[in-house]
Amino acid sequence: MKRILTSALLWFIGSTPSFALTFEKPIRLEGGGEPVRVESPGYAAPCWADVDGDGLKDLLVGQFRNGKIRVFKNQGGGKLAAGEWLQADGEVAEVPGVW
């Protein structure tokens with residue numbers, strides 16, 4: 001019984017189609033007509049989230065230095081607004097570092 005199960009399993013694994021995944025060509029994102037850039041030393045942490053509640057995911061890019069987050073609001077049609085620092089109570093928000 002073990003031999004039949006092993007043979008069937010090996011046949012199934014061997015019969016699965018093999019294909020290579022490919023990525024699209026990279027593109028440079030722009031916000032407000034300018035390339036999206038990060039501060040030095042450049043340890044960015046990008047993610048997408050609907051910050052302003054308009055149903056469109058905005059690009060958020062966390063910065064290594066001072067724990068700031070730049071928000072590029074989604075304008076629809078693949079366009080992003082110029083980046084602005086995330087603010088809390090009218091001041092640039094900073095996430096405290098762990099070191």
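Two strands are taken to pair if DSSP finds at least two bridges between them, the strands (E, at least two residues) and helices (H or I, at least four) being DSSP runs numbered from the N terminus. By this criterion, strand S4 (residues 58–62) and S5 pair in the antiparallel sense over four bridges. The model is predicted, so local features need pLDDT of at least 70 and side-chain atom pairs count only at pLDDT 80 or more, whereas totals for chains, interfaces and linings use all residues. Residues are numbered from 1 along each chain as its sequence is written, and side-chain values use heavy atoms, with hydrogens and water left out.

The chain holds one helix and ten strands, in the order α-β-β-β-β-β-β-β-β-β-β from the N terminus. Of its 99 residues, 18% count as buried, that is, under 20% relative accessible area, with exposed meaning over 50% and partly exposed in between (1.4 Å probe, protein chains only). The accessible surface comes to about 8300 Å², and carbon and sulfur atoms account for 59% of this area; areas come from the Shrake-Rupley method with a 1.4 Å probe, and for residues only the protein chains shown count as cover.

S4 and S5 form a hairpin with six residues between them, and Asn-66 in the turn has a positive phi of about 65°. Gly-62 stands opposite Ile-69 in S5. S5 also pairs in the antiparallel sense with strand S8 (residues 84–85), over two bridges, where Arg-70 stands opposite Trp-85.

Together with Val-36, Leu-59, Val-61 and Leu-80, Phe-72 makes up the largest nonpolar core, a core being a set of buried Ala, Val, Leu, Ile, Met, Phe, Trp, Tyr and Cys residues joined through side-chain atoms within 4.5 Å. Leaving aside residues up to four places away in sequence, Phe-72 is in contact (heavy atoms within 4.5 Å) with residues including Gly-31, Asp-58 and Gly-83.

Ile-27, in the loop between helix H1 (2–15) and strand S1 (30–31), counts as exposed because its relative accessibility is 69%. Ile-27, Leu-29 and Trp-48 make a nonpolar surface patch of about 330 Å².

Conventions. Patch = residues over 30% accessible without salt bridge, like charges linked within 9 Å, V, L, I, M, F, W, Y side chains within 5 Å. Salt bridge = Lys/Arg side-chain N within 4 Å of Asp/Glu carboxyl O.
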